[in-house]
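Let's take a friendly look at how charged side chains pair up in a protein. Have the sequence and the 3D view ready as you read.

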Amino acid sequence: MGKRSDFEREALDFYPTPMAAVNPLLPFLMPGGTFCEPCAGAGDLVRHLEAAGLRCVSAFDVKPRHDGIRQHDASFITKADLNGAKYIITNPPWDRPPMHQIIERCSLIAPTWLLFDADWMHTRQAVPYLKYCAMIVAVGRVKWIEGSDGAGKDNCCWYLFGPEPTETVFYGR
């Protein structure tokens, strides 16, 4: 699943988002706010955010795994796909080309919170995107596979991207 593991990766990086990964993000979201989840999978992140008082107005995935999640590719998201959502909030595939395309597309149409590995921010490939990253919220290691013995081997962060260059504020644990 990660760069330091020999587990076979799940197709399309389908790893349901656990509540423990969502909790660090909640203080940065407006209760009652609306969001779009474009990599919704089975809807785990949607359920966690709705339980915290937010409202999902659009959820889709390239391969939906739950009723109510429509089929659509986040790489080609448009403003109309948001259905009026204030935010885009998702745990995208961590494979860099589709992840970067999602950053580029989503950040132009709404404030976009993405959950992925913390190490990314230290790479050259992050440079063109970091100037559009307003906040980074540390999560730490996430236990992606329910019932497994341990957490993943990569630390994670929530990244907030927008359309304008900005200074980045980091929030540690």
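## Salt bridges in the whole structure

A search of the whole structure finds three salt bridges. The term stands for a side-chain nitrogen of Lys or Arg within 4 Å of a carboxyl oxygen of Asp or Glu. Side chains of opposite charge can pair when their charged atoms come close.

This is a predicted model, where local features need pLDDT of at least 70 and side-chain atom pairs count only at pLDDT 80 or more, while totals for chains, interfaces and linings use all residues. Residues are numbered from 1 along each chain as its sequence is written, and side-chain values use heavy atoms, with hydrogens and water left out.

## A pair within one helix

Arg47 forms a salt bridge with Asp44, and their closest N and O atoms are 3.4 Å apart. Both residues belong to helix α2 (residues 44-51), where being three residues apart separates them by about one helical turn. Helices (H or I, at least four residues) and strands (E, at least two) are DSSP runs, numbered from the N terminus.

Arg47 is partly exposed, at 40% relative accessible area. Here, buried means under 20%, exposed over 50%, and partly exposed in between (1.4 Å probe, protein chains only).

## Pairs that link separate parts

Arg70 and Asp81 meet in a salt bridge of 3.3 Å, N to O. Arg70 lies in strand β3 (residues 70-71) and Asp81 in the loop between β3 and β4 (87-90), so this pair ties together parts eleven residues apart in sequence. Arg70 is partly exposed at 37%, whereas Asp81 is buried at 12%.

Arg96 and Asp117 also meet in a salt bridge, at 2.8 Å, N to O. Arg96 sits in helix α3 (residues 96-109) and Asp117 in strand β5 (residues 112-117), so the pair ties together parts 21 residues apart in sequence. Asp117 is buried, with a relative accessible area of 4%.
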